[in-house]
Amino acid sequence: MAFLKEKFLLLCFVTFNSLLFSVSSRGPVYRPPPVEWLTEPFPRIPFTQGMSKLFGASNVHLKSNGTYADIILDKTSGSGLVSKQRYYHGFFSAAIKLPAGFTSGEVLAFYVSHGQMRKYNHDEIDFELLGYAKRRQWVLQTNMYGNGSLKTGREEKVYLWFDPTQEFHQYTILWNSHHIVFLVDNVPVREVIHNKAISSAYPSKPMSLYAAIWDTSEWSTNGGKYPVNYKYARYK
């Protein structure tokens, strides 16, 4: 598979469908300034052009000639997509709308990873959207590590200023040799600068782009205390 060294944008629309019921955001009200979004100059690439089905193929539903995709979690399987190329750096963005309701135990991820190539020495940069039982709202977690390091970087949680189940919102990763920036609706929520302190754990390997949903009840809900409740699932 070819390695690309130029900037790359995958700008796509993802609907994660799995659970029902309504939710309201409890985060502070925030209105981003009216400036041009970083994603606006880039062309949109449909899933069919940039991605392939990774797992749970029957739970991946492409729509509008591949412009949109539903990736679904049910009792049989989660589901996911992977890019057809690998990248040394890039600018990756997806518009995502999350399912509402009792979402505990679910994780929806938009990320780049070298993990499929070298399991115990891989690089990864993640948006991890965590279902959360007690507040009945989603929590955004950013995550990054290089060379399999679990000590440097790692997770930081963000409580969103909007309800991510009501409409599509833009989740963007900028990754180059200088820094990694996570943005939500054009607003930077985290920056990791490449410096000597984290040089050995800074992601630098060629990575693939992923979008996936799966059941993580065991590690994301205190050992399975609040597992996915499939009686609320919506099957397609």
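Hello everyone, let's start inside the protein: the largest cavity is lined by Trp37, Leu38, Thr39, Phe91, Gln170, Thr172, Leu183 and Asn186. Please keep in mind that this is a predicted model. Sorted by class, that lining has 4 nonpolar and 4 polar residues, and no charged ones. The space in the largest cavity comes to about 40 Å³, and the structure holds 1 cavity of 30 Å³ or more.

Now to the charged residues. Side chains of opposite charge can pair when their charged atoms come close. How many salt bridges do we count here? The count comes to 3, and I'll take you through each pair.

We begin with Asp70 and Lys63, whose side chains meet with 2.7 Å from N to O. Asp70 is buried, at 2% relative accessibility, whereas Lys63 is partly exposed, with a relative accessible area of 37%.

Next come Lys205 and Asp123, joined in a salt bridge with their closest N and O atoms 3.1 Å apart. Where do they sit along the chain? Lys205 lies in the loop between strand 14 (187-193) and strand 15 (207-215), and Asp123 in the loop between strand 8 (106-113) and strand 9 (124-130), so this pair ties together parts that are 82 residues apart in sequence. Are these two residues buried or exposed? Both Lys205 and Asp123 are buried.

That leaves Arg190 and Glu156, a salt bridge with 3.5 Å between the closest N and O atoms. This pair also links distant parts of the chain: Arg190 belongs to strand 14 and Glu156 to strand 11 (residues 156-158), 34 residues apart. Arg190 is buried, with a relative accessible area of 8%, while Glu156 is partly exposed at 40%.

Terms used: Residues numbered from 1 in each chain as written. Predicted model: local features only at pLDDT ≥ 70, side-chain atom pairs only at ≥ 80, totals over all residues. Heavy atoms only, no water. 1 Å grid on protein atoms, 1.4 Å probe; cavity = no way out; pocket = protein on both sides within 12 Å on 5 of 7 lines; lining within 4 Å. Points joined across faces, edges and corners; volume = space filled by probe spheres on them. Nonpolar A, V, L, I, M, F, W, Y, C, P; charged D, E, K, R; others polar. Salt bridge = Lys/Arg side-chain N within 4 Å of Asp/Glu carboxyl O. Buried < 20%, exposed > 50% of the residue type's maximum accessible area, 1.4 Å probe, protein only. Helix = DSSP H or I, 4+ residues; strand = E, 2+ residues; numbered from the N terminus.
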